[in-house]
Amino acid sequence: MRLIEMRDVGFGYHGGAELLSNMTLTLQPGMFHFLTGPSGSGKTTLLRLCYADLLPTSGQMTAFGDDVRQLTRDGISDLRRRVGVVHQDTQFLDHLPVAENVALPLSVSGQAVDMAALRDLLGWVGLSQHARAMPPSLSGGERQRAALARAVILSPDLVLADEPTGNLDWDMSVRLMQLLIELNKSGKTVLVATHDLNLIRATKAQVAARVLRIANATLQLAGADL
Amino acid sequence: MRRTEFRALNLRALWQGLMRDGGSGDRIVPPTGFTAQLTLFSAGAMAFLAVFALALSLATGRLADRWAGELAGSVTVRVSASSAEQDARTQAAMQVLSTTPGAGQPRLLPPDEVAGLLTPWFGPDMPVDALPVPALIDLPIAGDDFDAEGLRLRLEAEAPGAVLDDHTEWRRPLVTAANRLRMLGVVSLLLIAAASASMITLAAKAALAANGQVIRVLRLIGARDITIATAFVRRFTKRAAVGATVGTLFGMAGIALLPGMDAAGGFLTGLGFQGWGWLLPLLIPVVAAAVGFLATRWAALKMLGAVR
């Protein structure tokens with residue numbers, strides 16, 4: 001089963017020139033992808049296409065077999081429950097403690113929260129001591145790990161991470177990547193957008209990862225330098 | 001949001017979400033602070049006014065019915081003649097009235113009763129006996145076959161000086177006025193409901209706008225429109241219901257504490273609620289909750305339609 005399939009997909013904001021064009025991409029179960037490219041090249045835009053926050057302006061795109069253009073609003077919600085996203089700006093509800101923020105996808109999808117599983121998840125990302133903390137009090141690395149915990153609590157088939165290490169030091173970046181590698185080894189498909197080539201090289205030493213690069217508005221397979 | 005998607009909403013799920021108390025559904029939206037107080041206050045104030053509008057509407061309705069019933073249930077015959085002929089013409093008129101189909105027993109008003117009718121106009125010490133006051137005969141209408149026009153013609157022929165007054169001239173403007181007052185009461189109730197809906201919609205929109213980022217996050221993590229809308233709808237429906245309940249109770253207390261009007265001449269008799277009518281204002285919080293539910297639901301779904 002193909003999780004995401006794009007064929008000659010193009011996208012331009014507000015009907016303008018295409019930021020991305022003729023992109024063909026298939027995300028299959030268990031794969032690990034990096035998406036790289038200079039700032040403003042369209043990495044975030046490509047990820048937003050994957051969780052239907054944007055719709056292609058040209059080409060064909062399916063998510064879990066469904067044409068994304070035909071999705072109803074509830075269909076988009078269902079898609080987002082199968083795609084965990086670590087956003088660049090780690091969006092939380094600041095009036096809820098970390099544990100409730102992490103459990104939010106369960107709450108809004110009407111599922112009971114298994115407190116033991118929630119504790120395990122917070123322990124996995126190293127936030128057991130911060131369960132009751134409010135999001136604004138967390139450091140950048142803690143916020144990213146909390147965002148990762150929230151992204152995976154519904155056990156999604158696909159995990160997208162948009163510059164998850166952008167504001168982190170090297171040690172914290174490696175720690176976060178380790179969590180993503182663990183997820184991939186448990187069978188999840190992972191797509192990480194980053195411009196940190198050193199991090200890509202360090203990760204590739206541990207997991208078979210494909211590196212995609214956006215250049216000149218098109219998607220290319222990165223060369224041997226990576 | 002497209003119209004079809006409005007229709008596709010699961011009302012049963014919305015209702016269940018609305019009735020479920022507490023839980024994470026309420027917590028996903030942060031406290032809205034001042035708008036909460038505004039909604040409570042405006043719902044209370046509107047309910048308070050609605051109680052009086054309802055009381056006015058019911059009272060004027062009863063008044064219209066009573067005036068119509070009392071004035072339509074009898075006619076008055078006025079006999080004017082010189083003092084020498086007064087008794088003879090009165091007896092002739094009584095004779096005609098006694099044999100009128102559909103009429104009850106005619107009653108000649110005694111002098112003291114006539115004087116009582118004139119007292120409000122001339123004062124208590126006026127020597128009514130010295131005035132050329134016509135004899136007044138009250139004739140109850142007992143059957144549907146009563147023919148006022150036919151009786152008028154018979155009186156002209158058989159009892160000169162006797163004039164039939166079927167109260168039509170009195171009755172029409174009084175009943176019209178009472179019915180218009182009743183209509184004004186109903187219009188007031190509708191305006192209060194519309195104003196309440198507007199205020200709750202504004203408050204809900206303000207809360208939704210203030211929580212735009214919260215809504216965006218909830219959509220991104222897979223929350224459906226109905227889940228997000230319900231969090232706001234439940235909150236505003238409860239506020240509208242609680243505020244309206246308090247306002248209604250105060251309004252009912254105000255009506256109950258009105259002084260008795262019987263002693264004031266009867267004109268305002270019946271203002272307020274009577275008997276089972278006291279249960280009617282209790283519908284106001286229910287209507288307020290329904291207005292809050294619909295207004296917030298409309299505002300929430302409209303705004304959610306703009307958030308992908």
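**Notebook: chains A and B**

Helices here are DSSP runs of H or I with at least four residues, strands are E runs of at least two, and both are numbered from the N terminus. I note that this is a predicted model, in which local features need pLDDT of at least 70, side-chain atom pairs count only at pLDDT 80 or more, and totals for chains, interfaces and linings use all residues. Residues are numbered from 1 along each chain as its sequence is written, while chains are lettered from A and ligands numbered from 1 in the order in which they are written.

I then checked the record. The unreviewed UniProt entry annotates residues 34-56, 181-208, 240-258 and 278-300 of chain B as "transmembrane region". The positions are in the numbering used here, feature names are shortened, and such annotations may be inferred rather than shown by experiment. For residues 278-300 of chain B I found 78% helix and 0% strand, with the end C-alpha atoms 35 Å apart.

**Confidence**

I looked up pLDDT, the predictor's confidence in each residue, from 0 to 100. Chain B has a mean of 84, and 88% of its residues reach 70 or more. Within chain B, helix α1 (residues 3-7) is lowest at a mean of 45, and helix α11 (residues 283-304) is highest at 94. The model as a whole scores ipTM 0.92 and pTM 0.75.

**Where the chains meet**

I counted a contact when two C-beta atoms, placed from the backbone, lie within 7 Å. On that rule, 16 residues of chain B are in contact with 18 residues of chain A. On the chain B side, α3 (24-27), α9 (212-220) and α10 (225-256) each give two or more residues. α9(B) gives the most, with four residues.

**Helix α5 of chain A**

How far apart are the end C-alpha atoms of helix α5 (residues 140-152) of chain A? They are 19 Å apart, which agrees with the 18 Å that its 13 residues should span at 1.5 Å a residue. The expected span is 1.5 Å times one less than the number of residues.

I next looked at burial (buried: 20 or more other C-beta atoms within 10 Å of the residue's own; exposed: 12 or fewer; partly exposed: in between; C-beta atoms placed from the backbone). In α5(A), 11 of the 13 residues are buried, so the helix is largely enclosed by the rest of the structure. Its buried residues pack against β6 (83-86), α3 (98-108), α4 (115-124), β7 (158-162) and α6 (170-185) of chain A. A:Gly140, which lies in α5, counts as partly exposed because it has 14 C-beta neighbours inside 10 Å. Beyond four places in sequence, A:Gly140 touches A:Asn167 and A:Leu168.

I looked for nonpolar cores (sets of buried Ala, Val, Leu, Ile, Met, Phe, Trp, Tyr and Cys residues joined through C-beta atoms within 7 Å). The largest has 117 residues, of which A:Ala149, A:Leu160, B:Ala204 and B:Phe232 touch the most other members. Helix α4 (residues 34-72) of chain B gives the most to this core, with 13 residues.

Last, I checked A:Met23, which sits in strand β2 (residues 20-27) of chain A. A:Met23 is buried, because 25 other C-beta atoms lie within 10 Å. A:Thr218 is 195 residues away along the chain, yet its C-alpha atom is separated from that of A:Met23 by 5.9 Å.
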